[in-house]
Amino acid sequence: MRLYITVILRTLLYISLAIMVYDFVRIEQQFELLGRGYIDSFSVNVGNQVGQVFIVITIILVIMNVFQLFVMKRNKRAKVEDYILPEYDASDERSVEITGKAVRFAFVFILLYSFLILGSYMFVPNYFLDFVWYPMFTTASIPIIGLIVYLISFKIIYSR
Amino acid sequence: MLVNRVKELRAKYNLTQGELAKKIGVTRQTIVSLEKGSYTPSLLLAMNIAEVFNEPIEKIFIKREEEE
């Protein structure tokens with residue numbers, strides 16, 4: 001359950017960061033276009049809800065991480081690298097082994113997916129004009145895909 | 001492959017999977033996969049199990065040749 005929660009929170013963290021960056025870049029770009037004389041005026045709506053979501057999730061994740069570090073510190077057998085992230089399960093030696101396997105699967109997937117994402121820019125050469133969101137959301141999707149693959153691999157191997 | 005007598009010994013000592021897991025400091029799921037034979041324990045875990053059942057390791061964990 002804890003793994004599901006941390007993966008969902010981490011995914012939301014990346015999505016909220018991508019939205020925040022997108023909002024910032026979108027507005028900055030309008031100012032840039034205005035400054036260069038491409039447009040005469042523009043209007044924007046600026047909301048702070050996404051920023052609040054980002055801050056709340058960051059705080060929850062930091063608390064979870066500190067709690068995990070505190071709890072695991074009592075377990076003399078566990079090594080720090082085994083529980084450095086709340087996603088890492090170090091409850092016993094089998095969990096540590098499974099975490100290692102799941103991380104290996106996720107790493108392979110991230111390498112392949114990044115390759116595809118980088119290549120996809122060839123199909124959207126006008127992304128900086130028409131699809132300003134594209135780089136932010138595709139970049140955010142890389143760790144999200146990695147987390148999802150990690151979660152699925154962990155759960156499958158753990159249930160064996 | 002490594003086969004083990006954990007299930008048999010656990011029944012002999014009238015222990016539940018949860019109780020054995022607690023005694024040797026692992027999760028119940030680890031005992032489940034150990035009994036199914038899908039998990040090969042570390043030497044330390046095997047020694048802890050042997051200690052609980054008061055038997056030598058080689059009497060609990062037996063190496064078998066993989067069948068073709």
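Residues are numbered from 1 along each chain as its sequence is written, and chains are lettered from A, with ligands numbered from 1, in the order in which they are written. Because the model is predicted, local features need pLDDT of at least 70 and side-chain atom pairs count only at pLDDT 80 or more, while totals for chains, interfaces and linings use all residues; side-chain values use heavy atoms, with hydrogens and water left out.

In chain A, take helix H1 (residues 2–35) and helix H2 (residues 49–74) to begin with: they pack at about 145°, their axes 9 Å apart. Helices here are DSSP runs (H or I, at least four residues), numbered from the N terminus, and their axes are lines fitted to C-alpha atoms over the stretch in contact, with angles running from 0 to 180 degrees between N-to-C directions. H1(A) goes past H2(A) in a left-handed crossing, that is, the near helix is turned anticlockwise from the far one by less than a right angle (clockwise would be right-handed). Contact means heavy atoms within 4.5 Å, and among the residues that make it are A:Leu9, A:Leu13 and A:Met20 of H1(A) and A:Phe54, A:Ile57 and A:Leu61 of H2(A). By class, this contact has 14 nonpolar, 5 polar and 2 charged residues (Ala, Val, Leu, Ile, Met, Phe, Trp, Tyr, Cys and Pro count as nonpolar, Asp, Glu, Lys and Arg as charged, and the others, Gly among them, as polar).

H1(A) also holds A:Arg26 and A:Asp23, which sit about one helical turn from each other because they are 3 residues apart. Their side chains meet in a salt bridge at 3.0 Å, N to O (a side-chain nitrogen of Lys or Arg within 4 Å of a carboxyl oxygen of Asp or Glu). Over all chains, the structure has 8 salt bridges.

Further along chain A, the axes of helix H3 (residues 93–120) and helix H5 (residues 133–159) come within 8 Å and cross at roughly 150°. That makes H3(A) roughly antiparallel to H5(A) (the label for angles over 145 degrees). The crossing of H3(A) with H5(A) is right-handed, and their contact has 17 nonpolar, 8 polar and 2 charged residues.

As for how the chains meet, 15 residues of chain B touch 9 residues of chain A. The area buried between them is about 940 Å², with 42% from carbon and sulfur atoms (buried area is the accessible area, 1.4 Å probe, that two parts lose on being put together, summed over both). B:Thr27, B:Gln29 and B:Tyr39 supply 47% of what chain B buries against chain A, more than any other three residues. Between chain B and chain A, the count of salt bridges is 0.

Terms used. Helices (H or I, at least four residues) and strands (E, at least two) are DSSP runs, numbered from the N terminus. Angles under 35 degrees count as roughly parallel, over 145 as roughly antiparallel, 65 to 115 as roughly perpendicular and the rest as oblique.
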